[in-house]
Amino acid sequence: MDFSILIGGAAGQGLDTSAQILEFILKRCGYNVFTYRDYMSRVRGGHNFTQIRFSDEEINSFTEKVDIVLALNEETILLHKDRVKEGGVVICDEDICHDDRVLSFPFREIIKKIKNQKVYNTIGLGVILKYFNIPMDIAEGVIKKLFKQRAFEDNLLALKEGYNLIDGKYELKLKEDRKIIINGNKALALGAIAAGCKFYCGYPMTPSTSILSYLSSISNEMGIMVDQVEDEIAALNMALGASYAGVRSMTGSSGGGFALMVEALSFAGIVEIPAVVVDAQRSGPATGLSTRTEQGDLRFVIHAGHGEFPRMVMALRNPEDAFYQTARAFNIADKYQIPVIILTDLYLADYTKTIEPFDFSKIKVERHISDGRNINGEYKRYEITDSGISPRLIPGKIPGQVVLADSHEHDEYGHITEDPDIRTKMSIKRMKKLELLKDEIQEPWLIGEEKPKILIVCWGSTYGAVKEAVERLMKEGYSIGALVFGDIWPFPTKRLMELAKTADKIVDIEQNLTGQLDSLIKEETPYSSDYKILKFNGRPFSGEEIYMRLKNEVLKLKV
Amino acid sequence: MSCEYKLYEPSWCPGCGNYMIRTALKMALEELKIEPHEVVLVSGIGQAAKMPHYIKVNGFNGLHGRAIPPAIGIKLANKDLKVIVESGDGDSYGEGGNHFIHAIRRNIDIAHFVHDNQIYGLTKGQASPTTAIGQRTTLQFDGVKVEPIKPLALALTMGAGFVARGFSGDIPHLVYLMKEAIKYKGYALVDILQPCVVWNKVNTFSWYKNRVYHLPDDYDYTNKEEAMKKALEFDDRIPIGILYKEEKETYEDKFDFIKNGPPLVDRGLNPMDAERLMEEFK
């Protein structure tokens, strides 16, 4: 079984809350849930919708077709009626529409009884619950979790009212629920906290804001300093200050804010202070489509910053990755004393998915900080070593020793110098760390066949949709597989080089106009893609869409 | 351990006001008996901003205009450190103007010493945000056409709790101001007038010397209106001293988890502590 429910309306109509109620209920019924959110850059009005898909099998994408539409306004019906499957239904208030295309009910009349306009959508949710014969006690548990007192009572009442409006159509079998449901940004934030991040600062910018607000909500409880700064220039400089003083720190923004951090990124490179920086990409250039997704910043973050310095870039592929890789980013930043950039995007930041609970015992905190015992004489912050990594002291911890961090070219003590030999040595010392990093990076995930004839290359959040498409095509007997890059700079080439040798065709799938991963592959390997499936209209790929495009454009089958 | 601060050979021009400011800083820190490892000197870029290289102390020599944000990060990460921002007028009021405003809003416990020579030294003589209107420079050939910033008045209107002005040519007085600023719990601004012997031919040592005067002993630094008058007095006579002082809760003390407990840097990092956060998502 595999169902999709779409809730559509205007901004300000409470879509998020309704979706949250429904996805928690479905999760607690023991199903896998995947919720995709499509919203406009406005506070009221416009058209927003949320699609909640649930299944007894693993799901990694939203669907193009839906089973149920809960329409909170007429526009939703007009925009989405063609997406309703044969046998599917549109549910709405009879004031919105009452012809035979829809199942309409007197929501407004019911609201007059409850006297709380805010629970209007919940009546519709009650209808949906009954449609699937979901027991009311599970729903009540969720309402209790999400709401307090009056809101709890009114929502429960609304659910019950909705529940009584129809007869059940489908008998949903209840299963054990052991999962959590979470979006990419919150998973990322949890990964940071698990890694011991004690300082996060940022300026609100979609789609990075929920990292800032989630961390702020647990700031006191977890003892993590969260600061809303005056601009993103301050953000990275402040994070570097905190890191210099010895705490793990992170900042995040979207591409526009990241652009303001670029000078400080270069500074992090020469000053050799660890930093974790998140770029939650959205459609650019400039303001672009502020609430739409894109993978347009890959080349930007790899090259951002004046001068030459080492950095690591990792792209997040799903909420699990967001948790574990973010925690790993802190260890790498500390070990090499470099900036580590985490690339995510609006799609992954916002979609929620049921997953196995995170295993916090797997998170290892490796600080690589010197206790000063092996330091003889005056401390050299930038001591030239074989590895290029200098022992790191925390200022204030060792009487008699001071720590001098400097943005100029400097000598081993951190003092300004223009000496050509020192300059050469220091440049090489820093860049040596990039060579070490090459042994640190992880090869891309391979999904599908082990030696595929059709080899897909992709990165980051397209993982879910690509996985769904590849698995469908494999079942149909095609020799297909995909490499999904997570670590992406320095660029891991081993697995790609191996598989490219035996593949007939390399297909690049990205959410951008120019095929930025493909250009990287061209630069770093003798290979490049034979075909590109690119999408840059701000909307994410679904599994179905990739499946169809592969069939039509690559396999040349008309379906 | 010793509270003596070692000095390094600077690359400042002979006669530069920075020498006197460094002497005052050394004296202030030594008299306060703060050890070098307990202080962080944070600076941006410019001649004044080279200070962390010329006195042995923890130093964070960052980017132009960006001295304040890392200073805030350092203080929040380790509240036990004495954090001093030392930078020029261009760095503090020009490139870093936004951070200056927001540092005052936060009232974090840092001392901010601005070497104000009313000119750009390192980049060779262009107007700074405090250069007088009409003054000819190496860039503003026919005179500066924009109003100078009035840093002390700006700080007062933003609600700063410690606003002072010093003069590099009056070291004992400057030592006093620096000590008071370092001891003050909150954001403390000391705008330090200093000559640039090479690039500013208007605001010379004697120009300042002839104008500065100590605020009288009976001056009431809790009177904000009076402080505002003194902050705007910058012509034939220029008052130096603590113009305004007020007790205020610091930013870091507004967070219970920072106030009550060891500095963040000294707290343990156990991933399992965060496991309970998953309840929300179950």
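In this predicted model, chain A and chain B share 25 residue pairs in polar contact, both residues of each pair being at pLDDT 80 or more. On the side of chain A that touches chain B, helix H10 (residues 232-244) of chain A gives the most, with 8 residues. That side of chain A divides by class into 39 nonpolar, 16 polar and 15 charged residues.

The extent of the interface can be stated in two ways. Counted in residues, the contact takes 70 from chain A and 56 from chain B. Expressed as area, about 5,100 Å² is buried between chain A and chain B, and carbon and sulfur atoms give 65% of this. Charged side chains also meet across the boundary, where the rule finds 7 salt bridges between chain A and chain B. One of the salt bridges pairs B:Lys56 with A:Glu378, and the closest N and O atoms of the two are 3.9 Å apart.

Over all chains, the count of salt bridges comes to 54. Among them is a pair in chain A, where the side chains of A:Arg392 and A:Asp334 meet with an N to O distance of 3.2 Å.

Attention now turns to helix packing in chain B. Two packed helices are described by the angle between their axes and the distance between the axes. For helix H3 (residues 68-77) of chain B and helix H5 (residues 97-106) of chain B, the axes come within 9 Å and cross at roughly 30 degrees. Angles under 35 degrees count as roughly parallel, and H3(B) and H5(B) are therefore roughly parallel to each other. From H3(B), the residues B:Ile68, B:Pro69 and B:Ile72 meet B:His99, B:Phe100, B:Ala103 and B:Arg106 of H5(B). By class, this contact of H3(B) with H5(B) has 5 nonpolar residues, 1 polar and 1 charged.

Most residues other than glycine have a negative phi, and most peptide bonds are trans. A:Lys115, however, has a positive phi of about 60 degrees although it is not a glycine. A:Lys115 is found in the loop between helix H3 (107-114) and helix H4 (120-131) of chain A.

Cis peptide bonds are also present. A:Thr206 and A:Pro207 are joined by one, with omega about 0 degrees, and A:Pro207 is placed in the loop between strand S8 (197-202) and helix H8 (209-217) of chain A. A cis peptide bond likewise joins A:Trp489 and A:Pro490, with omega about 0 degrees. A:Pro490 has its place in the loop between strand S19 (487-489) and helix H17 (494-502) of chain A.

Definitions and conventions
Residues are numbered from 1 along each chain as its sequence is written. Chains are lettered from A and ligands numbered from 1 in the order in which they are written. Side-chain values use heavy atoms; hydrogens and water are left out. Axes are lines fitted to C-alpha atoms, for helices over the stretch in contact, and angles run from 0 to 180 degrees between N-to-C directions. Helices (H or I, at least four residues) and strands (E, at least two) are DSSP runs, numbered from the N terminus. Angles under 35 degrees count as roughly parallel, over 145 as roughly antiparallel, 65 to 115 as roughly perpendicular and the rest as oblique. Contact means heavy atoms within 4.5 Å. Ala, Val, Leu, Ile, Met, Phe, Trp, Tyr, Cys and Pro count as nonpolar, Asp, Glu, Lys and Arg as charged, and the others, Gly among them, as polar. Buried area is the accessible area (1.4 Å probe) that two parts lose on being put together, summed over both. A salt bridge is a side-chain nitrogen of Lys or Arg within 4 Å of a carboxyl oxygen of Asp or Glu. A polar contact is a pair of N or O atoms within 3.5 Å; within protein, one must be able to donate a hydrogen and the other to accept it, and residues adjacent in sequence count only if both atoms are side-chain atoms.
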